[in-house]
Amino acid sequence: MIALRRALAACAAALLGLSSQPASAASGPGSASRTAGVLAEFNVRDYGATGNGSTNDDDAIDRAINAASAAPGGTVVFPSGRYRARTIHLKSHVTLRLDAGSTLLAASSGMDAPESNANDDYQDYGHSHFHNSLMWGSGISDFHITGTGTIDGDGNLITGNPDSGEADKALTLTECSDISLTGVTFRRGGHFGALINGCHDITIDNLKTVYASSGVRDGINLINSWNVTVTNSRIEASDDALVFKSDYALGHTYTSQNVRVRDTTVYSHENNALQFGSETCGSFRDFRFENITVLGAGKAGIGIVSMDGAVIEDVHYDNVTLTKTTSPFFFKIGERKRCPGSPPAGRIRNITISNVTGTDLTAPVVTSTVGASDYTSTLTGTPSVDLGPGITFQNVDLTVPGGHPASEASRVPGEYLTTYPPRDYGARPSYGYWIRHATGITLNGETRFDENDNRPYVIADDASDVQLNGVVAQRGSGSAYDAGFSGVNGYAVRDSADTSGGALRVRATNSTPIGEDPVSLYAEAESGTITAPMQTAADTTASGGSYVSVAAGNNSKSSAPATGWATLAFDLPRGGTFAVWARVIAANDGDDSFWVRSGTGTWSNWNNIPIGTSWHWAKLPITYDLAAGARTITFAYREDGARLDRVAISSDPAFTPGS
């Protein structure tokens, strides 16, 4: 009846010499589409769309879009139904509203042919051609997609290079402005759910892209784009999920900047969740990521690669949860040079990662794309260009899988300057972080493993200004050391410990510590905690008038006694490697030894103290790596004639104790 009434109305209008029009556009072509701020609506069914899921409705949809754009401006409405379409041509001042129950489906053939591109040597085929899409718009503004409906490739959008009549993208927008995508769901988007290149003033809110086992690769690609907000969305893909790139498909680049992503969940089945690159011809700056949940990543949870000369800087992540990620962090500068002029290596600098937790850090699925199930977080530049400075990890707590042998600690991965997958480097020599060709790196947070791992926590090679501040790192039962520095000009380990509270063991080769004021402190033996049979005695020649020794007849030469200690406390403002001196009397070679330890560590036999019947300073033959804070040095009796007066500790190699 509705169709009959419309036909009769059209006939009546014709008899009266009037032009017919869809009932929902009663204001007429060219008339103002906004009444009291409300856009006029253009129902695609009024323009001939069937919504039956089999008839191609794209011509009707194009007619509705043209009418809405010319109105000027209007909302193209897709009521509940299944709208099969070949390529749809987008225009300015148009909102596409997909109502509940509506689905826009890609046709299997008849899509627009890809336009020619003189610059397609600089990026993959899918990046270089835009018209072979389910929907595309170029140079348009004030364009929006909203509603609760679905855009579905239906298995007809190609994930590789399409043949004639096929498309490989659900939505393509180039050099557009004032764009919003809200509420809708993208399924099986082909190579790209949405490819947005050279656009600005973009809002993405409450958007969903759905991972499927086939028919989908990338979720959302934002390329050469600026003034972007992504909020309250869930971006899933088999390949990269939410990715920022700068290719040369437009014949030029724009600086990608002023981008905000918050309150969003991302998942990549086989590749990267949050990613910069690999296409990186133009530069990136001023990005903020807040309140992000990464549910999986076959490569990196948070990845930043500059392969083609880009400067990537002023990027900040805060409050991120990582699970099922092969590599929690992967930052790399490469030299692929796939941009005009073969640009030299770029830069990655001023990146902060704060308040991150990571658990169950293995790949969602192990495939030939991924490589192994887990890889250590990696920060690497090139032999000629350092990554950094300003790379800061603050309050980053990770539990990695572990399970690697100590033999891997000696691995030296290759450079791989022209490729970017994390798998290229193979197993890293450390389990927490592997750093190479970098400067200005600061680590803070706790790293543990699920299964015993005998590699060190961190290795830094060919680097400068590498600092561990407030690190807690689990120690493998067979690991030789915790932090390794090789060819590092300036390293520091401060306020850091293993998970048992012991100081981190440092192995430094051809490396120098960061210069700072050394710490030198004194303590009177009698002011410490004394347990019997150790006791305090008076002596006017001793410092403070008293000293400590064991009651006569007590000797414990084979092992440290269970009691009979003098424990001295030191509050260290900074950590470091500390030497220990004691002001002693060792009257003869039968009364010249103590047992000594730091904290609850292993006892050392301090024997053959220089002989002397008056008070004199003697230096212990061992040093202790001590973190900042409250620390203790304990002396236990070994031979009953040795006397202990005053103790000094210092991180200054030139230190000599005073009286």
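I take buried to mean under 20% relative accessible area, exposed over 50%, and partly exposed in between (1.4 Å probe, protein chains only). The model I am reading is predicted, with local features needing pLDDT of at least 70, side-chain atom pairs counting only at pLDDT 80 or more, and totals for chains, interfaces and linings using all residues. Residues are numbered from 1 along each chain as its sequence is written, and side-chain values use heavy atoms, with hydrogens and water left out.

I looked up the aromatic pairs next, where rings of Phe, Tyr and Trp (its six-membered ring) pair if their centres lie within 6.5 Å, planes under 30 degrees apart being stacked, over 60 edge-to-face and the rest tilted. The count comes to 31 aromatic pairs. Y122 is partly exposed, at a relative accessible area of 27%.

W581 and F655 also make an edge-to-face pair, at 4.9 Å centre to centre with 65° between the planes. Here I find W581 buried, with a relative accessible area of 8%, and F655 buried as well, at 13%.

I also noted a cluster in which ring pairs link F329, F331, F393, Y431, Y433, F449 and Y457.

Last, I turned to the nonpolar cores, each a set of buried Ala, Val, Leu, Ile, Met, Phe, Trp, Tyr and Cys residues joined through side-chain atoms within 4.5 Å. The largest has 113 residues, and those with the most contacts inside it are L96, L104, Y317, F329, F331 and L468. A second, separate core of 30 residues includes A525, V548, A586 and W606.
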